[in-house]
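Dear colleague,

My notes on what was found in it follow.

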Amino acid sequence: MLNPYLLRKELLLVAEKLLKKGFELDVSLISKMENKRKTLQVQTESLQYNHKLLSDLFRKSKILKESNTTLKNKVIKSSQNLEILKNKFNLLKEKIYNFSMSIPNIPSQDVPEGTEPKHNQAIKYWGEKKQYNFPIQDHIKLGKKLNQIDWKSAAKISGSRFVVMKGQIALLHRALSQFMLDVHTTQHGYIETYVPYLVNYDALYGTGQLPKFSNDLFHVNSIDKKKYILIPTAEVSLTNLFRNEILDEKHLPIMLTAYTPCFRSEASSYGRDSKGLIRLHQFDKVELVQIVKPELSMETLEVLTNHAEKILQLLELPYRKVLLCGGEMGFSATKTYDLEVWFPSQNKYREISSCSNMGDFQARRMQTRYRKQLEKNNSFVHTLNGSGLAVGRTLAAILENYQQEDGRVKIPTILHTKYMKNMTFIN
């Protein structure tokens with residue numbers, strides 16, 4: 001959530017900045033609620049003061065054993081009025097809080113204007129696109145011809161947007177996740193972490209998926225009537241490990257990675273990428289999360305994005321790095337880079353990783369602070385996350401970029417010995 005100070009003291013400036021995200025802040029509503037909050041706060045404090053005076057007088061009269069029925073009634077009435085006023089005040093504060101939870105993060109100053117993909121800025125290209133002297137096939141056809149990706153069986157047991165993998169492709173899928181984890185833990189310094197796939201509602205409020213994106217999530221009701229949600233990304237579990245915590249400055253930065261399945265209903269993407277591995281209800285991803293001091297978060301975003309890029313470079317997959325415009329960014333992000341890998345069958349780049357700096361937006365929702373060594377007051381941390389990478393999309397990119405004229409798929413060299421049992425081709 002945004003700093004409440006900004007909504008009280010710099011409301012018009014906040015509203016102007018949020019327009020970059022395509023979000024129109026209801027300034028009039030906030031102003032009305034804030035003015036009413038101030039009035040109720042003054043009335044409550046005044047009544048509390050008067051109630052204390054009356055209570056002190058009544059207490060003294062009891063000590064002196066003086067009978068004062070009128071004063072007693074005044075104390076009772078004052079207490080009742082104070083309770084009513086407190087309830088009004090608390091209800092209004094809850095309304096303001098709920099409203100503030102629906103306001104997205106303010107985009108960074110260097111985020112481009114715009115609301116569509118065409119307004120994003122490609123700032124880096126890496127790798128050469130392969131030239132083919134035979135008809136290119138997409139990963140769907142390749143998987144079917146190799147008889148190792150089974151969409152029909154997946155539809156039979158689950159429905160659309162699910163997949164069954166077998167044989168060498170299933171091995172490659174597993175190999176990719178192990179390879180990514182190994183690189184991030186041994187070369188980049190992340191701590192491998194195993195986390196729950198089912199989380200409570202508080203966790204999703206903390207990272208910003210709730211309340212706005214409830215329809216994009218899979219909700220689960222257990223037998224004991226506890227309500228859970230399947231994680232849409234390991235970011236939720238990893239970041240919420242530090243909810244309601246005060247961290248020691250000497251323990252920052254915290255760098256965590258996790259390999260998990262992710263579950264998304266894709267309600268907001270109806271009709272898009274309904275076939276193939278690009279947009280599934282269940283997919284696997286290696287996630288990167290960093291928790292840092294505020295002054296280091298923008299620098300850390302560059303580093304974290306480079307960590308995700310390293311995987312693509314080692315796999316020798318051509319990609320580009322894109323700075324997202326305001327309207328294309330996520331709810332909680334202040335700045336986002338997308339990494340887009342080349343898909344020859346589509347003759348275009350497709351997102352394979354999204355790396356974002358959330359600033360203190362998530363930390364305020366989760367109440368995650370850190371204790372500075374030489375200061376009394378605690379400060380909110382900054383949180384960052386990114387895909388390092390989405391495993392299914394990486395697999396699809398390999399199938400397409402490494403396809404051979406005879407129908408085989410060459411396996412990236414980095415995976416041959418350690419991860420793919422010395423295999424060089426998927427047959």
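**Findings**

Asn347 sits in the loop that links strand 12 (335-343) to strand 13 (348-357). The model is a predicted one, and in it Asn347 has a positive phi of about 55 degrees although it is not a glycine. With a relative accessibility of 59%, Asn347 is classed as exposed, because the cut-off for that class is over 50%.

A second residue of this kind is Glu316, which is not a glycine either and has a positive phi of about 55 degrees. Glu316 belongs to the loop between helix 10 and strand 11 (319-323). Its relative accessible area is 43%, so Glu316 is partly exposed.

One joins Leu210 and Pro211, with omega at about 10 degrees; Pro211 is in the loop between helix 8 (201-207) and strand 6 (218-221). Another joins Gly388 and Leu389, where omega is about 25 degrees. Leu389 is part of strand 16 (residues 382-390).

**The chain as a whole**

The chain contains 13 helices and 18 strands. Of its 427 residues, 50% are buried. The C-alpha trace spans about 105 × 50 × 40 Å along its principal axes. Taking contacts between residues at least 6 apart in sequence, 73% join residues at least 24 apart.

The domain assignment gives domain 1 (26-102) and domain 2 (117-426). Between the C-alpha centres of domain 1 and domain 2 the distance is 50 Å.

Leu91 is located in helix 4 (residues 69-100). This residue counts as exposed, because its relative accessibility is 57%. Leu91 and Leu176 are separated by 85 residues in sequence and by 51 Å in space, C-alpha to C-alpha.

His416 and Ala175 are 241 residues apart in sequence, and their C-alpha atoms are 9.9 Å apart in space. His416 lies in helix 13 (residues 416-419) and is classed as buried, because its relative accessibility is 14%. Apart from neighbours within four places in sequence, His416 contacts Ile411, Lys421, Asn422, Met423 and Thr424.

**Packing around helix 7**

How do helix 7 and helix 12 pack, and at what angle? Helix 7 (residues 167-186) and helix 12 (residues 391-401) have axes 10 Å apart, at an angle of about 120 degrees. The two helices are therefore oblique to each other, and their crossing is right-handed. On the helix 7 side the contact involves Ile169, Leu172, His173, Leu176, Ser177 and Met180, and these meet Val391, Gly392, Thr394, Leu395, Ile398 and Leu399 of helix 12. By class, the residues of this contact are eight nonpolar and four polar, with no charged residue.

Helix 7 also packs with helix 10 (residues 297-314): their axes come within 10 Å and cross at roughly 130 degrees. Helix 7 and helix 10 are therefore oblique to each other, and this crossing too is right-handed. The contact of helix 7 with helix 10 has six nonpolar, two polar and one charged residues.

How many of the residues of helix 12 are buried? The count is 11 of the 11, so helix 12 is largely enclosed by the rest of the structure. Among these buried residues are Arg393, Glu400 and Asn401, together with Ala396 and Ala397.

Asn401, which lies in helix 12, deserves a separate entry. Its relative accessible area is 1%, so Asn401 is buried. Not counting residues up to four places away in sequence, Asn401 touches Lys130, Tyr132, Leu317, Pro318, Trp342 and Pro344.

With kind regards

Methods: Residues numbered from 1 in each chain as written. Predicted model: local features only at pLDDT ≥ 70, side-chain atom pairs only at ≥ 80, totals over all residues. Heavy atoms only, no water. Axes fitted to C-alpha atoms, helices over the stretch in contact; angles between N-to-C directions. Helix = DSSP H or I, 4+ residues; strand = E, 2+ residues; numbered from the N terminus. Parallel < 35°, antiparallel > 145°, perpendicular 65-115°, else oblique. Left-handed = near helix turned anticlockwise from the far one by under 90°. Contact = heavy atoms within 4.5 Å. Nonpolar A, V, L, I, M, F, W, Y, C, P; charged D, E, K, R; others polar. Domains from an automatic or database assignment. Buried < 20%, exposed > 50% of the residue type's maximum accessible area, 1.4 Å probe, protein only.
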